[in-house]
Amino acid sequence: MRRTGRRYRSGRAAENYDIIVIGSGIGGLSLAALMTKLGKRVCVLEQHYTAGGFTHSYEREGFEWDVGVHYIGEVHKPHSTLRRLFDVISDGALKWSAMDNTYDRIIIGDRRVDFVEGRAALIDSLVEHFPAEEAAIRRYIELVDETARSAQKFFAGQAMPRLLGRAYHTARPLLVPKNCYRSVREVLEELTQNQELIGVLTGQWGDYGMVPRDASFLMHATVVKHYFGGGSYPIGGSWQIPDTITPVIRAGGGEVFTYAKVEEIVIEKGRAVGVRMENGDVLRAPQIVSSAGARLTFEKLLPATVRESLGYPAKLKQVKTSSAHLCIYAGFKGTAAELGLPKTNLWIYPTPHHEANTAAFQADVNAPFPMLYISFPSAKDPDWNTNYPGKSTVEVLTMAPWQWFEKWQDTTWGQRGEDYDTFKAQLQERLLEALYKELPQLRDALVYAELSTPLSTAWFGNYPEGEIYGLDHDVERFRQSWLHPITPVPGLALTGQDVVTAGVGGALMGGMLTACAIMGRKANKVMDLVKNWKPQ
């Protein structure tokens, strides 16, 4: 079993650290590694059996799957900020492999549209399917570029001290394109009324979990542009991400602990000074950073008197929890080549009307799946056949409401009862049938399949409603000035996807911006690490 980190027990941690990080998702790990390189001794506390959050992998029945890293853009460019940041925090040990030229294929009914590397090639692919919409397509790509390029300016305040960041937030609407504060559908319907084209252009909405009517165009544009140059996958599997970062933290005298659940942030004289563990231990540091998400941090980890005095119950009503999901982890006999598995991700929809599809499924579990995302991790990893000869893996994902599962939330993983098992089995069978419809050659090659539900996410990831993207990425979320890395509680900071955007890239950047905000006037030291990194 892939496990990164050291199991926490009383006495294993030092009495004092410079920084304690709650949660080992990529936001927490990137923050921890950067601060380690700036001379800080950092302790990362992870409640799961392995570090990494959604970047970890798990093994079952002789197979291995990633749980959240399906593809990452821009890391193929050695000088991109994202690639350099990964290089810094892993000391260059993390390596990448390019996917196919077609990184995503959007399938709506009988129409199959390839999203291919390069803006010009992508435009050609889209125009081939929608020749009458060429002007709208070209303008769309321009707006994506314009909006995504403004993201650095949009999130610049997150790297500033809190009060300066709040002032910047007030001025921000004057500094960025207006489309940053509009929904995806608003923007696209000004370009075209062709709903099938809109359905295709928004065919990656599962990457941020919101349908076009509700999602911020800023979020959409950053995802779309992120993959203009194609997608890449970590060589050796997604677990390589936490596994290559952890040694950097240890080299500075720190540690990444697992089975290390934090019960509460310790506040003394109005300042965060440590954390109280589930077993009652208290670990201390002058700087606490939560990578556990805004909702968990401000609803549970902060003492009730503190969170109420700072108005967090009211603030949290201004934002929504992101979507939960179902995911089939399936293992097959035969290599990717033998089974004809691509590196390309498949996005499958019943119709181009994403809002209607989603509403129908939420109202009736037997309605068609509103979105299916199919990924082939064993085909993407060039080391796979060496590590797992004669085998392949596939993942099939869709969104599903937490409300379907909350009646079982107080049960134990693996012991939820017959009615739950029956419900899971029905969903699993339908998802597998959807996979076989697209890839019929897999039906007789299946060796193992397991369905993850929102309860799995809640149990292993400590996400209260099984959410996969933290807070929803609607326009209102990006208007919240209080979602800043530096909280009003002295000594307490926030990092991860809730201070920037969803996904590995967003959370990674969240770690960097939080490091900058903590360093204050010395924030340039963080940026210098990224700018000046060279292979050792």
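Is Phe478 buried or exposed? Phe478 is buried, with a relative accessible area of 4%. Here buried means under 20% relative accessible area, exposed means over 50%, and partly exposed is in between (1.4 Å probe, protein chains only).

A quick word on the model. It is a predicted one, where local features need pLDDT of at least 70 and side-chain atom pairs count only at pLDDT 80 or more, while totals for chains, interfaces and linings use all residues. Residues are numbered from 1 along each chain as its sequence is written, and side-chain values use heavy atoms, with hydrogens and water left out.

**Aromatic pairs**

Rings of Phe, Tyr and Trp (its six-membered ring) pair if their centres lie within 6.5 Å; planes under 30 degrees apart are called stacked, over 60 edge-to-face, and the rest tilted. That rule gives 26 aromatic pairs. One of them is Tyr71 with Tyr227, a stacked pair at 4.1 Å centre to centre with 10 degrees between the planes. The two come from distant parts of the chain, 156 residues apart: Tyr71 sits in the loop between strand 5 (63–66) and strand 6 (72–73), and Tyr227 in the loop between helix 9 (217–226) and strand 10 (231–234). Helices (H or I, at least four residues) and strands (E, at least two) are DSSP runs, numbered from the N terminus.

Back to Phe478: its ring and that of Phe155 have centres 6.1 Å apart and planes at 65 degrees, so this pair is edge-to-face. Phe155 is in the loop between helix 5 (151–154) and helix 6 (162–171), and Phe478 in the loop between helix 19 (454–461) and strand 21 (492–494), so the pair ties together parts 323 residues apart in sequence.

| Residue | Relative accessible area |
|---|---|
| Tyr71 | 5%, buried |
| Tyr227 | 6%, buried |
| Phe155 | 8%, buried |
| Phe478 | 4%, buried |

There's also an aromatic cluster, made up of Phe361, Phe369, Trp404, Phe405, Trp408, Tyr420 and Phe423.

**Out on the surface**

Arg3, Arg6, Arg7, Arg9 and Arg12 gather in a surface patch of positive charge. Patch residues have over 30% relative accessible area and no salt bridge, with like charges joined within 9 Å; a salt bridge puts a side-chain nitrogen of Lys or Arg within 4 Å of a carboxyl oxygen of Asp or Glu. Arg3 is found in the segment before strand 1 (6–7) and, at 43% relative accessibility, counts as partly exposed.

Ala135, in helix 4 (residues 134–149), counts as exposed at 61% relative accessibility. Ala135 and Arg6 are 129 residues apart in sequence and 56 Å apart in space, C-alpha to C-alpha.

Note on methods:
Patch = residues over 30% accessible without salt bridge, like charges linked within 9 Å, V, L, I, M, F, W, Y side chains within 5 Å. Areas by Shrake-Rupley, 256 points an atom, 1.4 Å probe, with all protein chains shown as cover. Lys, Arg positive; Asp, Glu negative; His and termini not counted. Charge placed at Lys NZ, Arg CZ, Asp CG, Glu CD.
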